[in-house]
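Subject: Structure handover

Hi,

Here is the structure I promised to pass on to you. Have a look at it first, and then read on for my notes on what turned up.

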Amino acid sequence: QVQLVESGGGLVQPGESLRLACAPSGSISIIYSMGWYRQAPGKQRELVAIIISGGTPNYADSVKGRFTISRDNVKKTIYLQMNSLIPEDPAVYYCNVDGREKYVLPRRAYWGQGTQVTVSS
């Protein structure tokens, strides 16, 4: 079963940057959307950024102008560039793909294992 593998989390100081990456362990032939979510302790998982196939990126208001979602079609990798990190950003970040491994298989949501982002001075 295809899984999403994340990397790039860590500890940074306020104002610094991090880049998260997410790549599938196998092929997801049909992709409807790709996105990043985050979950802070005691809070619900929330959408950070999403690209719907054929569309433009959309961002949560709290990260607009600071975060950028992108994809590398050759490397089949999704990125989240996070700049100007603030104390409200720490959470476990999850990548998500909505798609099908093959046309004949069911559409489903694929999730990464999560990567911790900590912002502290």
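Let me start with the open space: the largest pocket in this predicted model has a volume of about 210 Å³. Its lining is made up of 14 residues, and those nearest the centre are Pro24, Ile28, Ile31, Arg71 and Lys76. Sorted by class, the lining comprises six nonpolar, five polar and three charged residues.

You will find serine 84 in the loop between β8 and β9, where it is partly exposed with a relative accessible area of 38%. As background for both, most residues other than glycine have a negative phi.

The largest nonpolar core counts 27 residues, and the ones with the most contacts inside it are Trp36, Val48, Phe67, Leu80, Met82 and Tyr93. At least two residues of this core come from each of β3 (18–24), β4, β5 (46–52), β7, β8, β9 (91–100) and β11 (115–119). The largest share, four residues, belongs to β9.

Setting aside neighbours within four places in sequence, leucine 80 is in contact with Leu18, Arg19, Leu20, Trp36, Val48, Ala49, Phe67, Thr68, Ile69 and Tyr93. Among these partners, Trp36, Val48, Phe67 and Tyr93 are also on the list of residues with the most contacts inside the core.

Last, the covalent link. How many disulfides does a search of the whole structure find? There is one, formed by cysteine 22 and cysteine 95, with their sulfur atoms 2.0 Å apart. Cysteine 22 is in strand β3 and cysteine 95 in strand β9, so the bond ties together parts that are 73 residues apart in sequence. The torsion about the S-S bond is about 55 degrees, and the disulfide is therefore right-handed. Both cysteine 22 and cysteine 95 are buried.

Best wishes

Definitions and conventions
Residues numbered from 1 in each chain as written. Predicted model: local features only at pLDDT ≥ 70, side-chain atom pairs only at ≥ 80, totals over all residues. Heavy atoms only, no water. 1 Å grid on protein atoms, 1.4 Å probe; cavity = no way out; pocket = protein on both sides within 12 Å on 5 of 7 lines; lining within 4 Å. Points joined across faces, edges and corners; volume = space filled by probe spheres on them. Nonpolar A, V, L, I, M, F, W, Y, C, P; charged D, E, K, R; others polar. Core = buried A, V, L, I, M, F, W, Y, C linked by side-chain atoms within 4.5 Å. Buried < 20%, exposed > 50% of the residue type's maximum accessible area, 1.4 Å probe, protein only. Contact = heavy atoms within 4.5 Å. Disulfide = S-S within 2.5 Å.
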